[in-house]
Amino acid sequence: MTSHEIDYRIYGEEMQYVEIELDPQEGVIAESGSFMMMDDGIKMDTIFGDGSQKDSGFLGKILGAGKRILTGESLFMTAFYNNLTGKRNVSFASPYPGKIIPIDLTEYGGKFICQKDAFLCAAKGVSVGIEFSKKLGRGLFGGEGFIMQKLEGDGMAFVHAGGTTAVKTLAPGETLRVDTGCIIGFTQGIDYDVEFIGGIKNSIFGGEGLFFAKLQGPGKVYVQSLPFSRLAGRVLASIPNGGKSKGEGSILGGIGNLLDGDNQF
C-alpha cells in the first residue's frame, strides 16, 4: 500500500483547520462535511468507502461502504485531487472546539486505532476500516462498543479531538486508566480493556460512571480533555423547558436580559 505524500499546516488554537498542500496528481480523502475551502483547479469526487487499493473492484467498494455504516459514518467519503501542474491547497476544519492531530502512520507500524468519529482526513491511499473488540467487557462497557475505527497505510492521517490533547507513551506493562469517552486513539501495541471502578460509594456517588478504560503498553495513547459527548450533555442539561433562556444564572432571570442589553424578540 502506497499513500500519496502530502504536506500540511495546521492553523488556529482551539478552533483549528488543516491546510493540505497537494502536488500535481496528489489526492486526499475526507469525511463528508469536513471540507472548508480549496484552490481553483482541485477536483472533488464523492466515492464509496475510502477509495483505497484494498477496496478496488465493485465488491470491494461495497464492503468498504459497509464498514463505514458499522462505524456510524456516511456511506460516502469525498476525495480531492490536484489535476493541474502547480501546487494547490485544500483545507478541512474540525467540527467542534479542540485540536487536530497529525498521525504519521509510518511511525506506528502502519496502523492507528481511534474513536469512531475521530477521523477527519488522510492522504489518498490510507485505508479507513473497522477494529472489532475481542473482549466482551470492552464491547459492552467501553463507551465505543465493539467497533472502533482503524487507519492503515503509510501516509498521513488527521484526527480531531475535543479540548486539550494529552499524549502518553507507555512502557511495556505500564498501565494508564482513562475515562472511556476521553480516549482519542492509540497505537497497535496497546492492550485496551475496561475495568470496574470499584467501591460502592465510588460507583453510586462518584459521578464518573461504573467503568474506566485500562490501557497497557507498550505504545502511545492520545487522550482528549473534553469529549463531544460530555460537551453535548452539558449543553442539553442547560436547556430549560420550552427552550427559554435561564438568564445566564442571574437571579433576575429574563428580566436581567433587559438590563444587560441581551434582548430577544
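**View 1. Lys87 and its salt bridges in the predicted model.** Lys87 counts as partly exposed, because its relative accessibility is 47%. The model shown here and in the other views is predicted. The side chain of Lys87 meets that of Glu21 in a salt bridge, with 3.8 Å from N to O. This pair links distant parts of the chain: Glu21 belongs to strand S2 (residues 17–22), while Lys87 sits in the loop between strand S6 (76–82) and strand S7 (88–93), and 66 residues separate the two. Glu21 is partly exposed, with a relative accessible area of 25%.

View 2. Asp23 has a relative accessible area of 22% and is partly exposed. Taken together, Glu21, Asp23 and Lys87 are linked in a network of salt bridges.

**View 3. The salt bridge of Lys150 and Glu152.** The structure holds four salt bridges, and one of them joins the side chains of Glu152 and Lys150, at 4.0 Å from N to O. Is Lys150 buried or exposed? Lys150 is buried, because its relative accessible area is 17% and the limit for buried is under 20%.

**View 4. The open sheet of six strands.** The strands of this open sheet follow the order S5-S6-S3-S10-S13-S8, and their pairing is antiparallel. Which strands stand at the edges? They are strand S5 (42–48) and strand S8 (98–104); each has a single partner strand, so one side of each is left without a neighbour in the sheet. On average, neighbouring strands of the sheet are turned by 20° against each other, direction ignored.

**View 5. Strand S10 inside the sheet.** Strand S10 (residues 119–123) is mostly covered, and five of its five residues are buried. S10 pairs with S3 in the antiparallel sense over three bridges. Within that pairing, Cys121 in S10 stands opposite Ala30. S10 also pairs with S13, again antiparallel and over three bridges. Here Ala122 has Ala157 in S13 as its bridge partner. In a regular strand, side chains alternate between the two faces of the sheet.

View 6. How many bridges join S8 to strand S13 (residues 156–162)? There are seven, and the two strands run antiparallel. As an example of a bridge pair, Ile101 has Val159 in S13 as its partner.

**View 7. A nonpolar patch on the surface.** The patch is formed by Phe35, Met36, Met37, Met38 and Met44, which together have about 440 Å² of accessible area. Strand S4 (residues 35–38) gives the most to this patch, with four residues. Met36 has its place in strand S4. Met36 counts as partly exposed, because its relative accessibility is 38%.

**View 8. The surroundings of Gly219.** Gly219 lies in strand S19 (residues 219–224). It counts as buried, because its relative accessibility is 17%. Which residues does Gly219 contact, leaving aside its neighbours within four places in sequence? They are Lys168, Thr169, Leu170, Thr187 and Ile190. Pro172 is 47 residues away from Gly219 in sequence, while the distance between their C-alpha atoms is 7.8 Å.

**View 9. The whole protein, for orientation.** The secondary structure comes to five helices and 19 strands. The protein has 265 residues, of which 43% count as buried. Its accessible surface comes to about 13900 Å², and 56% of this belongs to carbon and sulfur atoms. Among contacts between residues at least 6 apart in sequence, 76% join residues at least 24 apart.

Notes:
Residues numbered from 1 in each chain as written. Predicted model: local features only at pLDDT ≥ 70, side-chain atom pairs only at ≥ 80, totals over all residues. Heavy atoms only, no water. Buried < 20%, exposed > 50% of the residue type's maximum accessible area, 1.4 Å probe, protein only. Contact = heavy atoms within 4.5 Å. Areas by Shrake-Rupley, 256 points an atom, 1.4 Å probe, with all protein chains shown as cover. Patch = residues over 30% accessible without salt bridge, like charges linked within 9 Å, V, L, I, M, F, W, Y side chains within 5 Å. Pairing = 2+ DSSP bridges. Axes fitted to C-alpha atoms, helices over the stretch in contact; angles between N-to-C directions.
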